[in-house]
Amino acid sequence: MNIIDLHCDTVLFCYKNRKTLRTYEGHINLEKLQKGGCLAQCFALFIPTHDAAVEYLGGEPDPWSLYQALLSCYRELLADSADVLRPALSAAQILENSRSGFLSSILTVEDGVELDEKLERLDTVYADGVRMMALTWNYENCIGYPNSPDPFEHTRRGLKPFGFEALEKMNELGIIIDVSHLSEAGFFDVASHSKKPFIASHSCCRALKDHSRNLTDTQLRTLADAGGVVGVNFYDVFLGDRGGMTAVEDIVRHLLYLRDRAGIESLAFGSDFDGIESALEFRDYSGFPQILRALEAHFTDDEIDRICHGNFLRVFTAQE
Ligand SMILES: [Zn+2]
């Protein structure tokens, strides 16, 4: 048991289809986590808005109500999985759970839209157990602006005044700031204001695939200098051009590039399982060992341990 994967959308689909982590047949379920070698899984409460809300939920619910509904679903999923999976609120708890024979679940949120300029909601989400939050998804929200193929939108529109307040509060509470999906200007606002290491939970390298969801070399180095990590995303659209197929080789290529540009301390996995549509060469979470075997040709055992969990544990510990 040694993989900590920084992002998946499994909760939304269990919520939508009324499935448990035993009955869900997507990329992640309890059996697949066990087979694949999970130490901890970050489960995001993804808050779809606008078109995405209509697509996934058939309407546009109020983001705060949806957050509550997804949180209830998450708690039910955990209660039903209690013989295998336990929540972890700190790095130490992940190791404790592991020593007792349990996998860990880390609660995260994708999109700060539900804060609705109410800073005190961060106290609530922290008390609910949230330990990482993506500031935006693909739409503008009260915190800032998303990534965009339009260079002006992407590089000039940074955090909003409330975004800076939220950032400070997240630092204070110990909620990891996740910059995946954020605009480039927002990224640099985080880099210059965050007092703690931050994460891009599910992004790849822009030099290898020119997509605004991916990070430029300067962003990779900036994030590494701040002590953060990048969880390499398994979506073929961010990895390369294989027409809907995700190959292990492409994941390795991004990890190697990241190591060369930003150092081994910045590498992690951010699969985006259940949020990506490409056909996976390794099928689903249970295929993780295939990825690890491919890494052995390029990385030492110690480096593979860092990628799998060591780097993230360092960032998580630094939030305290
Ligand atoms: Zn995402």
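This is a predicted model: local features need pLDDT of at least 70, side-chain atom pairs count only at pLDDT 80 or more; totals for chains, interfaces and linings use all residues.
1. Start with α1 (residues 10-17) and α4 (residues 63-80). These two helices pack at an angle of about 90°, and their axes sit 10 Å apart. Angles of 65 to 115 degrees count as roughly perpendicular, so that's the label for α1 and α4.

2. Who makes that contact? On the α1 side you'll find Val 11, Leu 12, Cys 14 and Tyr 15, while α4 brings Leu 66, Ala 69, Leu 70, Cys 73, Tyr 74 and Leu 77. By class, the contact of α1 with α4 has ten nonpolar residues, no polar ones and no charged ones.

3. The second largest pocket, at about 200 Å³, involves this helix pair too: α1 and α4 are the elements that give two or more residues to its lining. α4 gives the most, with six residues. Among the lining residues are Cys 14, Tyr 15, Ala 69, Cys 73 and Leu 77, along with Lys 16, Arg 18, Lys 19, Glu 76 and Asp 80.

4. Now the largest pocket, which holds about 480 Å³ of space. It is lined by 24 residues, and those closest to its centre are Tyr 56, Trp 137, Tyr 235, Gly 275 and Glu 277.

5. As for what builds that lining, α1, α3 (50-57) and α11 (236-239) each supply at least two residues. The largest share is from α3, with three residues. Sorted by class, the lining of the largest pocket comes out at twelve nonpolar, five polar and seven charged residues.

Definitions and conventions
Residues are numbered from 1 along each chain as its sequence is written. Side-chain values use heavy atoms; hydrogens and water are left out. Axes are lines fitted to C-alpha atoms, for helices over the stretch in contact, and angles run from 0 to 180 degrees between N-to-C directions. Helices (H or I, at least four residues) and strands (E, at least two) are DSSP runs, numbered from the N terminus. Angles under 35 degrees count as roughly parallel, over 145 as roughly antiparallel, 65 to 115 as roughly perpendicular and the rest as oblique. Contact means heavy atoms within 4.5 Å. Ala, Val, Leu, Ile, Met, Phe, Trp, Tyr, Cys and Pro count as nonpolar, Asp, Glu, Lys and Arg as charged, and the others, Gly among them, as polar. On a 1 Å grid over the protein atoms alone, a cavity is a set of points where a 1.4 Å probe fits but cannot get out, and a pocket is an open set with protein on both sides within 12 Å along at least five of seven lines; lining residues have an atom within 4 Å of a point. Grid points are joined across faces, edges and corners, and a volume is the space filled by probe spheres set on the points.
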